[in-house]
Amino acid sequence: MKLQQLQVFIAVARESSLRSAARSLNLAQPSVTRIIQELEADLGVELFNRSVRGVDLTVYGLALQTRATQILEDLQRTRDELVQIKGSMLGRVSFGANSSIAFTLLPATIKRFREKAPDAELVLTEVNFRQSMNRLRDGTLDLIASHMLPGPIDEGVLRSIPLLSSDFVVMARQGHPLANARTLAELLDAQWLSPIATDPQHVSNLTRAYHRAGLPLPQRVTHYSSFAIALGLVSATDMLGWFSRPLAARIAHYGLQEIHVDMPVMALQMSVIIRKHHLLTPVARYFLECLQVSAHDVAKGLP
């Protein structure tokens with residue numbers, strides 16, 4: 001396999017079209033076709049199914065796509081690291097975070113990071129923990145930070161670095177009719193918000209809390225897919241939502257207040273996930289250090 005072959009393969013896989021891939025690479029379509037055929041001959045498998053509608057990956061192509069993306073991303077990181085060894089904090093850091101991290105740790109992290117690496121390229125993505133795993137494995141993300149979900153990560157490929165442990169609180173709009181409730185039983189008939197489950201093993205905070213309290217589950221539940229939806233609904237309706245305590249403190253100025261419910265502490269670990277045997281570039285390692293300092297400050301109650 002040659003580098004150009006992998007670059008052309010990834011372009012064809014992304015575009016699902018030889019013609020579109022050729023245009024994006026500024027190559028003639030016959031050249032793209034020839035390169036793909038040479039790569040298939042070298043590997044002894046068909047990488048694409050061809051039809052009048054274009055091309056799509058075979059099972060062999062899907063396997064190669066992950067590896068090829070990782071190789072190309074690692075090659076770019078190698079170039080970045082050589083530049084950084086010279087003393088220049090350049091290159092790219094691709095970081096994925098959930099909404100809690102984005103609101104609580106990311107602002108201070110970016111401020112600290114930019115003091116030393118003002119010209120580095122930062123690519124920031126709001127992610128769902130499980131959905132981001134493939135992007136971490138194939139190298140399109142350097143690291144992600146999120147609440148750890150129940151169940152182990154793929155420890156043969158990935159490793160976690162603890163950041164911060166946080167409990168969750170119930171939040172409502174200011175003046176909510178149930179603001180003085182002190183038990184989950186008093187909130188049983190409330191309108192609740194709960195995130196859409198993206199993993200079969202995922203158990204929502206709402207379900208965990210009511211199970212622990214030995215109560216039936218609330219029936220008036222609206223499921224949401226993004227933090228923006230949850231924030232908009234909790235701040236402007238009588239719906240209730242669960243937020244990590246650091247996040248709740250950050251969003252209180254949107255007209256929200258905590259309902260101080262007496263219940264067992266429900267804590268989840270905020271962690272960074274990286275590839276186990278992947279060496280972060282110096283600029284990516286520095287970003288991780290900045291993130292860890294921010295987590296330490298939040299844990300100590302510092303702004």
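Guide: A helix here is a DSSP run of H or I that covers at least four residues, and helices are numbered from the N terminus. In this predicted model, leucine 288 lies in such a run, helix α11, and the chain holds eleven helices together with eleven strands.

Visitor: Why is leucine 288 called buried?

Guide: The relative accessible area of leucine 288 is 9%, and the term buried applies under 20%, so leucine 288 is counted as buried. Leaving out residues up to four places away in sequence, leucine 288 touches Leu143, Ile161, Val272 and Leu280. Isoleucine 273 lies 15 residues from leucine 288 in sequence, and the two C-alpha atoms are 10 Å apart in space. In the chain as a whole, buried residues make up 47% of the 303 residues.

Visitor: What makes up the largest nonpolar core, and which of its residues have the most contacts inside it?

Guide: A set of this kind consists of buried residues of the nonpolar types, joined through side-chain atoms within 4.5 Å. The largest one has 28 residues, and those with the most contacts inside it are Val93, Phe95, Phe113, Leu143, Leu163, Val272 and Phe287. Two or more residues come from each of β3 (92–97), α6 (106–116), β5 (143–147), β6 (158–173), β11 (267–275) and α11 (282–299), with the largest share, eight residues, coming from α11. A second, separate core has 21 residues, among them Leu6, Val12, Val32 and Phe48. In soluble globular proteins, nonpolar side chains tend to be buried together.

Visitor: Which residues are in contact with phenylalanine 287, leaving aside its neighbours within four places in sequence?

Guide: With those neighbours set aside, phenylalanine 287 is in contact with Val93, Phe95, Leu106, Thr109, Ile110, Phe113, Leu122 and Leu143.

Visitor: Why is the pair of glutamate 15 and arginine 14 called a salt bridge?

Guide: The closest N and O atoms of glutamate 15 and arginine 14 are 3.7 Å apart, and the criterion asks for a distance within 4 Å, so the pair is counted as a salt bridge. Arginine 14 has a relative accessible area of 53%, and because exposed means over 50%, arginine 14 is called exposed. Glutamate 15, at 32%, falls between the two cut-offs of 20% and 50% and therefore counts as partly exposed.

Visitor: What makes arginine 50 and glutamate 40 a salt bridge, and is glutamate 40 buried or exposed?

Guide: Their closest N and O atoms are 2.9 Å apart, a distance within the 4 Å limit. This pair links distant parts of the chain, with arginine 50 in strand β1 (residues 48–51) and glutamate 40 in helix α3 (residues 29–43), ten residues apart. Glutamate 40 has a relative accessible area of 11%, which is under 20%, so glutamate 40 is buried; arginine 50, at 44% relative accessibility, counts as partly exposed.

Visitor: How do you know that arginine 173 and aspartate 238 form a salt bridge, and which parts does the pair tie together?

Guide: The closest N and O atoms of arginine 173 and aspartate 238 are 2.8 Å apart, again within 4 Å. Arginine 173 lies in strand β6 and aspartate 238 in the loop between α9 (227–236) and β9 (241–244), so the pair ties together parts 65 residues apart in sequence. Salt bridges that share partners also join Asp167, Arg245 and Glu258 into one network, and the structure holds eight salt bridges.

Key. Residues numbered from 1 in each chain as written. Predicted model: local features only at pLDDT ≥ 70, side-chain atom pairs only at ≥ 80, totals over all residues. Heavy atoms only, no water. Buried < 20%, exposed > 50% of the residue type's maximum accessible area, 1.4 Å probe, protein only. Contact = heavy atoms within 4.5 Å. Salt bridge = Lys/Arg side-chain N within 4 Å of Asp/Glu carboxyl O.
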